[in-house]
Amino acid sequence: MIPHDIIKRPLITEKTSIQKEVNNQITFEVDRRANRVEIKKAIENIFNVNVVGVKTMQVKGKTKQRGRIVGKRRDWKKAIVTLMPGERIDFFEGV
């Protein structure tokens, strides 16, 4: 797989911002078929940083209802990437 196909987007929330500052961890939405080794190589290749570890989890899509119509959001995979001390990835610094 191509690294840009594995990494879909960074997840930027209050919780991930705190993780970034305290533990030097960054969270990404990744391809559901990718494993930890592929995710690590893709992050190192795209952002030119050293990765210590990768934790992954499957996130189940929520059931949503709009009137009588019931639907479901898609399932997706989340990866929490821990970077080496001193390494950093900047997305929206100072915004």
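**Exercise 1. Find the strands that helix H3 lies across, and its angle to E3.**

Step 1: Locate helix H3 at residues 36-47. Helices are DSSP runs of H or I with at least four residues, strands are runs of E with at least two, and both are numbered from the N terminus.

Step 2: Look for its contacts, meaning heavy atoms within 4.5 Å. Helix H3 lies across E1, E2, E3 and E6.

Step 3: Compare directions. H3 runs at about 120° to E3; axes are lines fitted to C-alpha atoms, for helices over the stretch in contact, with angles from 0 to 180 degrees between N-to-C directions.

A word on the model: it is predicted, so local features need pLDDT of at least 70 and side-chain atom pairs pLDDT 80 or more, while totals for chains, interfaces and linings use all residues. Residues are numbered from 1 along each chain as its sequence is written, and side-chain values use heavy atoms, leaving out hydrogens and water.

**Exercise 2. Work out the strand order of the sheet.**

Step 1: Strands pair if DSSP finds at least two bridges between them. Three bridges join E1 to the antiparallel strand E2, residues 25-30, and Ile7 has Val30 as its bridge partner in E2.

Step 2: The open, antiparallel sheet reads E1-E2-E6-E3. Its edge strands are E1 (7-10) and E3 (51-59), each pairing on one side only.

**Exercise 3. Is Thr82 buried or exposed?**

Step 1: Find Thr82 in strand E6.

Step 2: Its relative accessibility is 19%, so Thr82 counts as buried (under 20% relative accessible area; exposed is over 50%, partly exposed in between; 1.4 Å probe, protein chains only).
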